Amino acid sequence: MAHELKILLLGDTSNFHHTLAAGLRHYGHDVTVASDGTGWMNTARDIDLSRGDGKLSGAALWYRMRYGSIARRLEGYDIVSLSGTHFARLQPARLRSVFDMVRRANKRVYMTALATDTNHITECLDPASPIAYNEWRVGTSSTLYAAEKAHIARAWLDDPLRAYCRHLTDHVDGIVTALYEYHVAALRQSGLPASRIAYGGIPVDLDSIPYTPYEPAPDGKVRLFLGYPSARMHEKGAERLLAAARQLVADRPDLCTLDVASDIPLTDFKRRLNAAHIVIDQLYSYTPATTALMAMAMGKTVISGAEEAYYDFIGETSLRPVVNVVPDDRAIYETLLGVVTDPDMLAKRGIEGRKFVERHNSATVVARRYLDFWGC
C-alpha cells in the first residue's frame, strides 16, 4: 500500500458496506460507514443516516446531509463508495443533490451495483439476457413479483428515475458489482466501458463467523432454516421455497424440522442460522448472496442459486458447495427431499462452503478487489 486512504462508504444494504469496511481496514485504511443501519437489521455505522417516521423526516435528513452536520462529515475523502443509487432513504431529486455535493467535495466516487436500479431492471426484463431467470422473469414469463411490483419497474424505466440513474452512472469513476447478475447488467446496460466496471463480490467477515463442523441433532432430524425480509418475500421466491419446505416437513416429519424467521435483528438472525443444518435462501439467483455466504462460512449446507455461469465467471473449477435450486415448484420439492435424505453429504458441503467463502468472499479478498480497481 502506497499510503493510507481516507474512505467513505455511503449507504448500506444487508451489512455489505460495514463488512467491506472491515476488509479495507485490514489493509490499513481509514474507513467511515454512513448508513441507516439497513432498517430493521440495525447494522453498525459511524454516521447515522436514519430518516425517522415523521412527515418532514425526509426533508430533515436531506437538509442534514446537504447543508447540516452530516454534510461536513461527507467531505474530504480520497474514495467514496455509494451503496447503489439509493444510498439514503430520500427521493431521487434529493439524492441527486447530495450526490452532486459528494462528487464535488471528494477526490473519487464509485458506486457498487447491489440493488434495483434502471440498469438492473432493464436487464432482468430483457428476454435476450444471458440471465435466463430472475425475480422479474423466468424465460419469457413474468413472475409473481413482477406482477406485484410492476409499478417499481415502471418507475425505474420512466424518465425521472432513468435520468437519475444515468446521471450517477455518468459521473462516478466506476462501478463495482456485488453479484454476477449485476455485473452482466452493468456491462450490457450502463454504457460504461468494461475498464470502468469490476466485480467485487459480497464480503463476509470470517473473523466474526466461526466454522462449526456438522453434527447430527440428538433426535436425528435435519434442521432446515428459511429467513427472509417480509417486504422481499416474492422477490426472493420465499413463498415458493417455504411452501415446498412445509410440504416436505408434513410429508416426512421423521426426517426434518423447519425454522422460519422474518424481519429479525441481524444478531438473532445469525443465531438461528447457526442452529440449522440446511439454510434455504433464494430462488431466482445465479449467485449465492449474503445469507447463503454467511451460512456457508458457518459450515451449513445451502440451498440457493449457484449456476455454472457464475462458477465460470469467478473461475471456480472444483468447489460446488451450493445446492442449486431453480424456479420450478416440483423441482424445488425434489431438491429439498434429496438433500434431507442424504445427510452424509452435509458435512462435505459444510467443509466446501467454508473453503469457498475463504477463497472468493472473505472481507479481505473482496476489499483487495476494490482496492485493485481503485488503483490503490
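1. Let's start with one side chain: Phe356 is buried, at 1% relative accessibility. Here "buried" stands for under 20% relative accessible area, "exposed" for over 50% and "partly exposed" for values in between, using a 1.4 Å probe and protein chains only. Please keep in mind that this is a predicted model, where local features need pLDDT of at least 70 and side-chain atom pairs count only at pLDDT 80 or more, while totals for chains, interfaces and linings use all residues. Residues are numbered from 1 along each chain as its sequence is written, and side-chain values use heavy atoms, with hydrogens and water left out.

2. Now for the rings: a search of the whole structure finds 14 aromatic pairs. Rings of Phe, Tyr and Trp (its six-membered ring) pair if their centres lie within 6.5 Å; planes under 30 degrees apart count as stacked, over 60 as edge-to-face and the rest as tilted. Helices (H or I, at least four residues) and strands (E, at least two) are DSSP runs, numbered from the N terminus. Tyr133 is buried at 8% relative accessible area, and Tyr286 is buried at 6%.

3. Back to Phe356: its ring forms a tilted pair with Tyr310, at 6.4 Å centre to centre and 50 degrees between the planes. Tyr310 belongs to helix α13 (residues 308-314) and Phe356 to helix α15 (residues 344-360), so the pair links parts 46 residues apart in sequence. Tyr310 is buried, with a relative accessible area of 1%.

4. Which residues form one aromatic cluster? They are Tyr133, Tyr180, Tyr199, Tyr286 and Phe313.

5. Have a look at two charges over rings as well. Lys6 lies over the face of Tyr77, 4.9 Å from the ring centre, and Arg368 over the face of Tyr27, at 5.0 Å. The test is that NZ of Lys or CZ of Arg is within 6 Å of the ring centre and within 35 degrees of the ring normal.

6. Finally, helix α5 is mostly covered, with six of its eight residues buried. These are Thr118, Asn119, His120, Ile121, Glu123 and Cys124. They pack against β6, α7 (150-157), α8 (159-171) and α9 (180-189), where contact means heavy atoms within 4.5 Å.
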